[in-house]
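The following exercises are to be worked with the sequence and the coordinates at hand. Each task is followed by a solution in steps.

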There are 2 protein chains.
Amino acid sequence: MKTRDRILHTTLELFNECGEPNVTTLQIADEMDISPGNLYYHFKNKTEILSELFDWYEREIGEILDVPETSLDVEDQWLFLHLIFEVIARYRFLYQDLVNVMSRHERLANKFKKIITKKTNASRLICQNLAEQGILNANPKEIDALCKSIVLTATYWISFSTVIDGEQSDDTLNQGVYQVMTLVLPYLREEERALLREVGESYL
Amino acid sequence: MKTRDRILHTTLELFNECGEPNVTTLQIADEMDISPGNLYYHFKNKTEILSELFDWYEREIGEILDVPETSLDVEDQWLFLHLIFEVIARYRFLYQDLVNVMSRHERLANKFKKIITKKTNASRLICQNLAEQGILNANPKEIDALCKSIVLTATYWISFSTVIDGEQSDDTLNQGVYQVMTLVLPYLREEERALLREVGESYL
DNA sequence: GTCTATAAGGGGATAGAC
DNA sequence: GTCTATCCCCTTATAGAC
């Protein structure tokens, strides 16, 4: 792997572990056993590294969000949510210091906002689809509120469980998926509600 | 007002506006038109200011959380939630950089964790009460998940709306209360659900 | 591409005069 | 209680040799 790529990977790891505001360029260089001068040969500044990592994130999350045009059954939704959570976990530094990072980088803030919108729209598409099939019983207003809750939960789940559990475990993501599913649960038709409860049981 | 108190109030304002990690002791002193030396006469360091502000927060939120021993009707819950949101808003700097602040101050992290637990327990008490009255239809597991969602939403609502709306408006808190209420809505008996929908309409 | 050395600036914190 | 002056450390970023 080229030095430039190693810098990006090392930085991503450190950002996730320590929080972006707490990581210095010197720390990144130290971790890799290269000189700070070398780091600045490859990147103009810390912002440029952050920016490129954000582009990675944007591409990865975009690929997943573009998928759900076709209707998803309950199992598919489970998988879909999992994929979303995995990307969020991989770039959790963005979420852990969300307000802070975005307030210092307007360009990223705008892009992130668009991604949130995209997520909300994807949720709504899925819910409306379920509603049309008669599987989900909710009026448009309720669907709007539900989708907002879904996106909010997905956005902050990892941070929240970090705060309450101290550390992240292997189950953190599973629990996040489950938590989102419980938001949808009460709106489901009896049949699917039972199914979802069952899957949930085996899940935790 | 004594200088010591003025420092605390000014700091709280700056923390909320700029984020705790972005506020320097010099900035605080400048804002108040006192010298940095004077600030350090009253407080050993920045952490001591933060710590005392946290104590304020802890006391204020504690006072509200200790109340709901008696059962609350739907209107009372509305008010209760409002009070919680108001305290969170007054100390929103804690929530906006939650992981960051807590990772740098272990003592605060432990206390904050306890407050989250207290909030969850208060939610559960209210929900169980409603369930016993037959107003809320949910099994214990669903109530657990519901309470987690309630606390998570209350915790991150202000940060979330800052990110998606850019700025906070006068309605931010109202919308937060509404959003939490929609989490409970689908579990309610038809009667109360209609009532809550009605209140919600007039609310937004 | 990579290193060492270092400049420039900021932020936390203290000393000592008033 | 308050101010000015200052110190020290850390962080970013650059210059110039290899």
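**Exercise 1. Determine how many residues each chain gives to the contact between chain A and chain B, and which helices of chain A take part.**

Step 1. Chain A contributes 29 residues to the contact and chain B contributes 30 residues; two residues are in contact if their C-beta atoms, placed from the backbone, lie within 7 Å.

Step 2. On the side of chain A that touches chain B, at least two residues each come from helix H7 (98–104), helix H8 (106–132), helix H9 (140–165) and helix H10 (172–184) of chain A. Helices (H or I, at least four residues) and strands (E, at least two) are DSSP runs, numbered from the N terminus.

Step 3. H9(A) gives the most to this side, with 13 residues.

Step 4. By class, the side of chain A that touches chain B has 14 nonpolar, 11 polar and 4 charged residues. Here Ala, Val, Leu, Ile, Met, Phe, Trp, Tyr, Cys and Pro count as nonpolar, Asp, Glu, Lys and Arg as charged, and the others, Gly among them, as polar.

A note on conventions: this is a predicted model, in which local features need pLDDT of at least 70 and side-chain atom pairs count only at pLDDT 80 or more, while totals for chains, interfaces and linings use all residues. Residues are numbered from 1 along each chain as its sequence is written, and chains are lettered from A and ligands numbered from 1 in the order in which they are written.

**Exercise 2. Describe the fold of chain A in terms of helices and strands.**

Step 1. Chain A has 11 helices and 0 strands.

Step 2. The C-alpha trace of chain A spans about 65 × 30 × 30 Å along its principal axes.

Step 3. Of the 204 residues in chain A, 33% are buried. A residue is buried if 20 or more other C-beta atoms lie within 10 Å of its own, exposed if 12 or fewer, and partly exposed in between, with C-beta atoms placed from the backbone.

Step 4. Among the contacts in chain A with a separation of 6 or more, 65% join residues 24 or more positions apart.

**Exercise 3. Identify the residues with the most contacts inside the largest nonpolar core.**

Step 1. The largest nonpolar core has 63 residues, and those with the most contacts inside it are A:Leu146, A:Ala154, B:Leu146 and B:Ala154. Such a core is a set of buried Ala, Val, Leu, Ile, Met, Phe, Trp, Tyr and Cys residues joined through C-beta atoms within 7 Å.

Step 2. The elements that supply two or more residues to this core are helix H5 (74–90), H8, H9 and H10 of chain A, together with helix H5 (74–90), helix H8 (106–132), helix H9 (140–165) and helix H10 (172–184) of chain B. H9(B) provides the largest share, 11 residues.

Step 3. Leaving out residues up to four places away in sequence, A:Leu146 touches A:Cys127, A:Ala138, A:Leu183, A:Val184 and A:Tyr187.

Step 4. Another core, of 18 residues, lies apart from the largest one and includes A:Ile28, A:Leu39, A:Ile61 and A:Leu94.

**Exercise 4. Find which residues are the closest to DNA strand C and to DNA strand D.**

Step 1. DNA strand C is surrounded by 16 residues, the closest being A:Ser35, A:Gly37, B:Thr24, B:Gly37 and B:Asn45. A residue is near a strand if its C-beta atom, placed from the backbone, lies within 6 Å of it.

Step 2. H3(A) gives the most to the surface near DNA strand C, with 4 residues. That surface divides into 6 nonpolar, 8 polar and 2 charged residues.

Step 3. Around DNA strand D there are 16 residues, of which A:Tyr40, A:Asn45, B:Thr3, B:Ser35 and B:Gly37 are the closest. H3(B) supplies the largest share of the surface near DNA strand D, 4 residues.

Step 4. UniProt, in an unreviewed entry, places the feature "DNA-binding region" at residues 24–43 of chain A. UniProt positions are given in the numbering used here, feature names are shortened, and annotations may be inferred rather than shown by experiment. Residues 24–43 of chain A are 75% helix and 0% strand, with end C-alpha atoms 14 Å apart.
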